[in-house]
Amino acid sequence: MRYQTHSILLLALAAATVLCGSNIALAAGPTSVHQTGTIAIVGGKLLTVSHGVIENGTVIIQYGRIQAVGDPSSVKIPTDATIIDAKGLTVYPGLIDPDTTLGLTEVAADEESNDLSEPSDEIMPHMHVADAFHAETELIPVARLNGVTNAVVAPGTADSIAGQDIFIQLGGENRDEMIVGRDVALAMNYGAEQRRRGGRGGGGSFPSTRMGLITQLRQSLLDAQHYEAEQKAAEKKTDAKPGDDAKSGDKGPGKSDKRDLKLEALLPYLHGEKPVVIGVYEGYDIESIMKVAQEFHLKVILNHVTHSQEVLDEIAAYKVPVIVGPIYDFPRADERYDAVYTLPAELAKRGIKIAISSGEAGGPGGAHTVRNLPYSAGFAVAYGLPYDEALKAITLNVAEMFGFGDKLGSLDVGKLGNVVIANGDPLDVRTDVKQVFIEGVSQPMVSRQTKLRDEYSKP
């Protein structure tokens, strides 16, 4: 489905010196604020996410973090602050997309610019998205212009275990600054797409049935457990007294010296230290893969669950968070026309913590649609999801799911200064983002599209 996106207005500054520092007004124009010191955003409607709405609020950002949030009577503005007049505007935390391929693809039709999935094996837990992330992609400024400041970057969905995700900021001097979390989650997938190799009738080296897929997954997890047991045994031998190996008849050190990166990569997830994001669409597939997840005590985040309406109560019983997306999807022949659209609302009704992703999962479209993240949440509101829950689903809930709840997702003291200023409701397609701050640094409000627009609109 094609979406109509709103145009992005650019910024200009009208700077004047006042007793309390520089006073900056936001307006249409060709440049943006580049401020790295203390910033005071005053007079705006604050959508704090965590503690309601402040109609006439002030946000102080200093040293890259939020230092104060509240109404004017409770917040003292530092004398050296650059003041940004947000009267009549809306201020909210930067949006976070929980499932993208940003930096792994550029032009969908150009295979050389797509680095999404590794075709040599179905089981690739030791593949790190951080190794392929391209920070200079033109798609990051496009998403940032619409208020998206952070994203989870995941490998494509072609493999059963596709690799390990990263958590990024959509701003920074280089890729190392932008990657704020490496190997934050393991991407696992189960369904029809992963049966692509081997083919019906055999002859291939990979599973071509769901039975084969799930058996392969289970065997990989068992192998990792066995590998860990062997490694621990080898460590004990290393610490043993001389002669102990001879008494026991063991062959001695060296038995488990060789590292297996594939199995080693699975261990933190078998210990429940990090989440496993399981991409699954159909209800019957959810039940099958969750049996494996429970068998190995995995810390699960379910992803997509697009056609799972008949097992929503079972999903609630699992007590795991869910990422929903894309919401713009066709129903099956046996579903209501709004089955997918109402899914976030139905999950939320059952007390399930949800996040909403922007678009096509696992493919090139998962980078090109990130700019539409707020509209996906708005669409869910139109089909019954409470507004506050929708805003959490693209901010605080995502941060909490991936271990960044203490740093991102709401306007709270101590969190990173990832803040957006817009001229209306962030979930409304008519709203224009006026300024984006990442760790207190204002971002250029330009992209390849705006540059082309300006170049070709010259008289």
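Mentor: Happy to! Let's begin at glutamine 309, which lies in the loop between β13 and α7; helices (H or I, at least four residues) and strands (E, at least two) are DSSP runs, numbered from the N terminus. Please keep in mind that this is a predicted model, in which local features need pLDDT of at least 70 and side-chain atom pairs count only at pLDDT 80 or more, while totals for chains, interfaces and linings use all residues. Residues are numbered from 1 along each chain as its sequence is written, and side-chain values use heavy atoms, with hydrogens and water left out.

Glutamine 309 has a relative accessible area of 24%, so it is partly exposed; buried means under 20% and exposed over 50%, with partly exposed in between, using a 1.4 Å probe and protein chains only. Setting aside residues up to four places away in sequence, glutamine 309 touches Glu335, Ala339, Val340 and Leu343, where contact means heavy atoms within 4.5 Å.

The buried residues of α6 are Gly283, Asp285, Ile286, Ile289, Met290, Val292 and Ala293. An α-helix has 3.6 residues a turn, so residues three or four places apart point the same way. After α6 comes histidine 297, whose phi is positive, near 55 degrees.

A search of the whole structure finds two cavities of 30 Å³ or more. On a 1 Å grid over the protein atoms alone, a cavity is a set of points where a 1.4 Å probe fits but cannot get out, and lining residues have an atom within 4 Å of a point. Grid points are joined across faces, edges and corners, and a volume is the space filled by probe spheres set on the points. The largest cavity has a volume of about 110 Å³. Of its 16 lining residues, Asp99, Ala154, Ala187, Asn189 and Asn303 lie nearest the centre. The lining divides into seven nonpolar, seven polar and two charged residues; Ala, Val, Leu, Ile, Met, Phe, Trp, Tyr, Cys and Pro count as nonpolar, Asp, Glu, Lys and Arg as charged, and the others, Gly among them, as polar.

Next, the aromatic rings. Rings of Phe, Tyr and Trp (its six-membered ring) pair if their centres lie within 6.5 Å; planes under 30 degrees apart count as stacked, over 60 as edge-to-face and the rest as tilted. By this rule there are five aromatic pairs. Tyrosine 341 is buried at 12% relative accessible area, whereas phenylalanine 379, at 25%, counts as partly exposed. Tyrosine 341 also forms a tilted pair with tyrosine 383, at 5.0 Å and 50 degrees. Since tyrosine 383 sits in the loop between α10 and α11 (387–392), that pair ties together parts 42 residues apart in sequence. Ring pairs link Tyr328, Tyr341, Phe379 and Tyr383 into a cluster.

One last stop is methionine 401, in helix α12 (residues 396–401), which counts as buried at 7% relative accessibility. Beyond its neighbours within four places in sequence, methionine 401 contacts several residues, including Ile301, Val322 and Ile323.

As for the whole chain, it has 13 helices and 18 strands, and 56% of its 459 residues count as buried.

Technical notes: On a 1 Å grid over the protein atoms alone, a cavity is a set of points where a 1.4 Å probe fits but cannot get out, and a pocket is an open set with protein on both sides within 12 Å along at least five of seven lines; lining residues have an atom within 4 Å of a point.
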